[in-house]
Amino acid sequence: MTKVAYEIVPHDGGWAYKLGDVFSESFASHDEALEAARIVMQEQQVGDEPVKISYQDEKGKWHYEYSDGGDRPEVEIVDRYESGETPA
């Protein structure tokens, strides 16, 4: 099973959640970023219809797979900051 971890971090004078090196939009408060990450986390758990998917990897190679729509990733939120903390 794939594991996905969204991290709550200071970003652009506010707060964001990020996955790997990709940031969400900025939020004015830590709590707003945390709530947005929770919403995304819940959406990750919703199954879908079976589909054929294709994607290109970082080396430019195309991959083709079948997804049954039910294999949802394990998702967590990593938050090392306190609510109300000012971004650095």
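Is Y6 buried or exposed? At 5% relative accessibility, Y6 counts as buried (under 20% relative accessible area; exposed is over 50% and partly exposed in between, with a 1.4 Å probe and protein chains only).

## Basis of the model

This is a predicted model, in which local features need pLDDT of at least 70 and side-chain atom pairs count only at pLDDT 80 or more, while totals for chains, interfaces and linings use all residues. Residues are numbered from 1 along each chain as its sequence is written, and side-chain values use heavy atoms, with hydrogens and water left out.

## Sheet and helix

An open sheet is formed by 4 strands in the order β3-β2-β1-β6, with mixed pairing. Strands (E, at least two residues) and helices (H or I, at least four) are DSSP runs numbered from the N terminus; two strands pair if DSSP finds at least two bridges between them. The edge strands, β3 (22-23) and β6 (74-79), each pair on one side only. Between β2 and β3 the sense is antiparallel, over 2 bridges, and K18 has F23 in β3 as its bridge partner.

Helix α1 packs on the sheet and touches β1, β2 and β6. The direction of α1 makes about 170° with that of β6, where axes are lines fitted to C-alpha atoms, for helices over the stretch in contact, and angles run from 0 to 180 degrees between N-to-C directions.

## Nonpolar core

The largest nonpolar core has 12 residues, including V4, Y6, I8, W15, Y17, F27 and V75. Such a core is a set of buried Ala, Val, Leu, Ile, Met, Phe, Trp, Tyr and Cys residues joined through side-chain atoms within 4.5 Å. β1 (3-11), β2 (14-19) and α1 (30-44) each supply at least two residues of this core, and the largest share, 5 residues, comes from α1.

Leaving aside neighbours within four places in sequence, V40 is in contact (heavy atoms within 4.5 Å) with Y6 and Y17.

## Aromatic pairs

The whole structure holds 3 aromatic pairs. Rings of Phe, Tyr and Trp (its six-membered ring) pair if their centres lie within 6.5 Å; planes under 30 degrees apart count as stacked, over 60 as edge-to-face and the rest as tilted. The Y6 and Y17 rings have centres 5.7 Å apart and planes at 85°, so this pair is edge-to-face. Y6 lies in strand β1 and Y17 in strand β2, so the pair ties together parts 11 residues apart in sequence.

Y17 counts as buried at 13% relative accessibility. The rings of Y17 and F27 have centres 6.4 Å apart and planes at 25°, so they are stacked. F27 sits in the loop between β3 and α1, 10 residues from Y17, and F27 is also buried. Ring pairs link Y6, Y17 and F27 into a cluster.
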